[in-house]
Amino acid sequence: MLAFASKAADAADRSGGRPPVEKWNPPFCGDIPMRIAADGVWFYEGTPIGRAPLVRLFSTILKREGEEHFLVTPVEKVRIEVEDAPFQAIRVDAETGENGQRLVFQTNLGDRAAIGPDRPLAMRETATGLGTAPYFDVRDGLEARVSRSVLFDLVALGEEREIDGAATMGVVSDGGFFALGPVEEPVE
């Protein structure tokens, strides 16, 4: 794993930031015992990777092809397991943009991404089968699942609209409306 990390660090240094993984198509070298758990924790050989800079480095060389995830360098590609989404949205900031409110999320690994018509927020079943959650694309098909605490922040920023005759709670960002779910009638 350390040799792979060294190659990734060299690639990041040469590119001045995030490596250009979208341009790399090295040969597949097999699977490695690395897993990103549904809660966003990265594991190697069953043990959590405790060094945050190393996890951040790996996240910069993560690539998605179809439903599979790989770590890539210019010369090798290895498959890893991702239980749900590789990123967790841990914060949302409401900013003012050209189209009004703009919601900008920060992930557990430091990436920032704003949702809008070109990067929608979508509710769907979690891979863990524990209900629905909002997801969005962070970059190049790599998704973030919005954490429960950030979902509460979204609800606080939300507004109610009628969609197909039903009251729906959602948020506005960069001119788009993103449904979070139906408005529940109070229980009496």
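E95 has R102, in β8, as its bridge partner. The model is predicted. This pair belongs with two antiparallel strands, β7 (residues 87-97) and β8 (residues 100-107). They are joined by 8 bridges. The link from β7 to β8 is a hairpin of 2 residues.

β8 also pairs with β9 (residues 112-114). That pairing is antiparallel too, with 3 bridges. F105 finds its bridge partner in β9, at A113. Here 4 residues separate the strands of the hairpin. G110 sits in that turn, and its phi is positive, about 90 degrees.

Most residues other than glycine have a negative phi. D164 has a positive phi near 50 degrees. D174 has a positive phi too, about 55 degrees.

Both are loop residues. D164 is placed between β13 (159-163) and β14 (166-173). D174 lies in the loop that runs between β14 and β15 (176-182).

Is D164 buried or exposed? D164 counts as exposed because its relative accessibility is 80%, and the cut-off for exposed is over 50%.

D174 has a relative accessibility of 26%, so it counts as partly exposed. Buried would require a value under 20%.

How values were computed. Residues are numbered from 1 along each chain as its sequence is written. This is a predicted model: local features need pLDDT of at least 70, side-chain atom pairs count only at pLDDT 80 or more; totals for chains, interfaces and linings use all residues. Side-chain values use heavy atoms; hydrogens and water are left out. Two strands pair if DSSP finds at least two bridges between them. Buried means under 20% relative accessible area, exposed over 50%, partly exposed in between (1.4 Å probe, protein chains only).
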